[in-house]
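Here is a short briefing to read with the model open beside you.

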2 protein chains.
Amino acid sequence: MQAHTVKPLEPLKPGKPPNDAPADEPLYRQLAAQYRRAIRHGVLRPGERMPSMRAFMQRHGVSLATATESYRVLEREALIEAHPRSGYFVRALKSAALPAASEPDLASLPGAAQFVGIHSTISAIVSQLQRYPEAFNLGGATASSDLYPTDALQKAALRALRRRPTLLTAAGAEQGDPALRGIIARRALDAGIQIGADDIIMTHGGIEAVNLALRAVTQPGDTVAVESPCFFGLLQALESLGLRALEIPASPSTGLAIEALDFALHTHPDIKAVVVVPNLQNPLGCVMPDSHKARLVELCARAGIALIEDDPYRELVDSAKPLRSLKAWDTDGTVIHCTSFNKTLAPGMRVGWIHGGRWHPRIGMLKFAQSRHNEQLSQVVLAEFLETNAYERHLRRLRERLRLQRERMAAALAASFPEGTRFTPPAGGIFFWVELPRTVSSAAFFDAALKEGIRVMPGTVFSNAGRFDHFIRLSCPSTDLDLADEALRRLGRLATAMAARASARAA
Amino acid sequence: MQAHTVKPLEPLKPGKPPNDAPADEPLYRQLAAQYRRAIRHGVLRPGERMPSMRAFMQRHGVSLATATESYRVLEREALIEAHPRSGYFVRALKSAALPAASEPDLASLPGAAQFVGIHSTISAIVSQLQRYPEAFNLGGATASSDLYPTDALQKAALRALRRRPTLLTAAGAEQGDPALRGIIARRALDAGIQIGADDIIMTHGGIEAVNLALRAVTQPGDTVAVESPCFFGLLQALESLGLRALEIPASPSTGLAIEALDFALHTHPDIKAVVVVPNLQNPLGCVMPDSHKARLVELCARAGIALIEDDPYRELVDSAKPLRSLKAWDTDGTVIHCTSFNKTLAPGMRVGWIHGGRWHPRIGMLKFAQSRHNEQLSQVVLAEFLETNAYERHLRRLRERLRLQRERMAAALAASFPEGTRFTPPAGGIFFWVELPRTVSSAAFFDAALKEGIRVMPGTVFSNAGRFDHFIRLSCPSTDLDLADEALRRLGRLATAMAARASARAA
């Protein structure tokens, strides 16, 4: 396969802020006005770090009191915000808003699809991507690697190896490291889940957990209800297990349409399980309201089918208090809870876990027969990380940085994309589910974007039924937000041109 | 569950060698005679290290030439042997031999069994074992942990983490670390396998590889031919995948009976795959001769079915030149090759790999859908270990130590077990497949041994058809060979008593 080189993205670097404030105002107000203009004119961009207090005092020859006052003015105007131990950052401007994404048509329930070759569709896209290794990645599923605590994890691993030299040689415990499982059980209380260490089986990432859950409750040929749009990895897993996927519409703001599921349970008595991402659905980025969560659990319990909860993004939600998992409403073992630390802590550590509800013993058997215990090292590192405040500190910082990235991306999207583009800002995390004008095919857009040097995920892979052919999923990219702006500008020009060509053809 | 305490094993410690050699012989012969007697009388036991040259010279006040000559005499008599960089070790005496294990009855082919609850049988045994946590372990599947290169692996991991700080945070490559796969491909030439790095997918241990192979070539309800006796983990995997196991007799000296398989392929047209451990079969410990390997591959190719080769023990065989894998005879992609480094290098590193023959792309899809890529760290450690001579050095030492352990165990077995016990010494590795007198039930023996404080694996778990109810699998245990001797003495007394009771009842 030939690797294609692409035009590199070259953003303009912002210069120094202009210096033309009225002279009769107090100095701190003059300086605040200067920075306000810099932010409004885009010289300082959302997500950028403001000068440190020390740098500000030196640059403008002012006292600490003046510097502090200037920043307070900007902070009150919601132009900048303080991050503990990191300094001040520019926020996004309020004007950046697109119309909200359309709500789904609940009347249109496609038939349950068994083998539709979703894996070959995805493989074709992946092999396309591999031809452009240099392309700027707006199509990934994890945050930028510099947002994960590389140093702290490296140090924890070095300590663990020194303290326990046999970590690599001695076989680990069958369900996973007992100390780690104890810590996870305590932490699960935050999500409203009351379980003990023995109720937890460590898995190779969240995807192994979901596979084990599916294998425990289905036979090949069975039907599984999924959200639509649906994370393509789940569609692949269903296909690889010989299961049928029944796509239930999901709202961009509240997730799975409970009434549509209720209807489907009556019309499709062969449904054996429902798989839901309740917190920051992939790709929608929405959070299911508590009342929906309660109804969903009750519905599945009444129908006597398994509710498989895939919950790896919960801790990325911007929320004053922790969100609850579906499992919190479970009273009879209906909910199988699957999650991982891949998205929140470290994509390189394949550490997930599962609590199997009333299928827990069978899942334990399947895990043992399929891949035995997990490696010990990453479990020990994780246990250490979770036991101190390091994980919470990291999560707070990660959420703050991702929010700034999202605000900046939303502004760029609104500024560059053509009329007809719709988008509901996500409740946290990294995914942007963007509805392009109906005339723009996401497959063609994917190809054209790649030739421009930018990776996106086309909507075609989020459904077996071709429902999202004019959607794309973008993800918060590199922490170089100028590059991201430039990429979104190019994508916007592309979408505008494609929409214009389509309407010229129609005219 | 209540933990039971057991009588600790307390072996006699050997004293100093006696000093009563005839005075008219050359000094080196006198000293050799003295050590010969010590070895023959069991004062120095097989597997024990001889005094170093320096210690020998000091103890007996002799020159280096005399010391060297004494050891040469003992070496020529096959009483001791030199290990490079480790010194001299006592070998097992020739007299230690039991009658060879019976050859299987090829006429008796049981029906293919689907769900027979082998997993619950094994679970019952495991929960029994957990009640005796202090028991001496002759039932395990890996060598003693002090035979694995803990220090070197720890150092390699520390180096890897320092050199590549993002090993834990950045996601790994999809099929596994490319550098490691390149090294493995080169090393595979030793086994007669010609593949490239892209033909290799890293897996979570060998068991994930075998599961993927089975999933790639079967549907639930299909029949898979296996060796009988068969590693119980494979029977569990088959049961968990809803497959039927057809047990083909295997010879204790040459493994799978090819003619019986040939017959079965005609009578069972629903056989979709054959799973074979060609080198050091578990539990038989035998190696399939090259001519059988060639016929087996040809037979499967002709029948158009997959031959799944599980080959984790190949490098533990005592052999002047490397043994070949079944894959070496494959010309059309019939053989799926599965292996791991768990048994040879480090039970704590879950690193295996698979080459899927003509099913390779499908296996790649299944692996991605099931558990994504492996963690990077252990792969990078392994790559470093394989690239230097460290792995080969470790293997040589491991094979030598295991051989001494086996010789010593075989001697203890022959000395302690009752008439009617049969046993074919394995060609390497750690497993002893022991046929007890027909009247001794291995389930009862397992219980009684556990109460004596010793773990063994009963023959009942190596067949779905109850074929091996008077067999046990023992494995080379701790490197404290005196403790092992004492454990085998106790087991021998137990077997003798059980056999005696049975014949008293019969009389």
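Chain B and chain A bury about 4,300 Å² between them, with 62% of it on carbon and sulfur atoms; buried area here is the accessible area (1.4 Å probe) that two parts lose on being put together, summed over both. This is a predicted model, in which local features need pLDDT of at least 70 and side-chain atom pairs count only at pLDDT 80 or more, while totals for chains, interfaces and linings use all residues. Residues are numbered from 1 along each chain as its sequence is written, chains are lettered from A and ligands numbered from 1 in the order in which they are written, and side-chain values use heavy atoms, with hydrogens and water left out.

**Where the chains meet**

- Chain B brings 50 residues to the contact and chain A brings 50 residues, where contact means heavy atoms within 4.5 Å.
- On the chain B side, B:L168, B:T169 and B:E375 lose the most area to chain A, together 17% of what that side buries.
- The interface of chain B and chain A has zero salt bridges, a salt bridge being a side-chain nitrogen of Lys or Arg within 4 Å of a carboxyl oxygen of Asp or Glu.
- Polar contacts do link chain B and chain A, with 27 residue pairs (both at pLDDT 80 or more). A polar contact is a pair of N or O atoms within 3.5 Å; within protein, one must be able to donate a hydrogen and the other to accept it, and residues adjacent in sequence count only if both atoms are side-chain atoms.
- Elements giving two or more residues to the chain B side are α5 (150–163), α7 (205–217), α8 (232–240), α11 (360–371) and α12 (376–387) of chain B. Helices (H or I, at least four residues) and strands (E, at least two) are DSSP runs, numbered from the N terminus.
- α5(B) gives the most to that side, with seven residues.

**How the copies are related**

**Inside chain A**

- Chain A is divided into domain 1 (27–90), domain 2 (122–139 + 394–506) and domain 3 (173–388), with bounds from an automatic or database domain assignment.
- Domain 1 and domain 2 of chain A bury about 820 Å² between them, of which carbon and sulfur atoms give 48%.
- A:R45, A:P46 and A:H83 supply 49% of the area that domain 1 of chain A buries against domain 2 of chain A, more than any other three residues.
- Nine residues of domain 1 of chain A touch eight residues of domain 2 of chain A.
- Three salt bridges are counted between domain 1 and domain 2 of chain A.

**Two salt bridges to look at**

- A:E81 and A:R403 join their side chains in a salt bridge (3.3 Å, N to O).
- A:R72 and A:E69 also form a salt bridge through their side chains (3.2 Å, N to O).
- A:R72 and A:E69 are separated by about one helical turn because they lie three residues apart in helix α3 (residues 64–76) of chain A.
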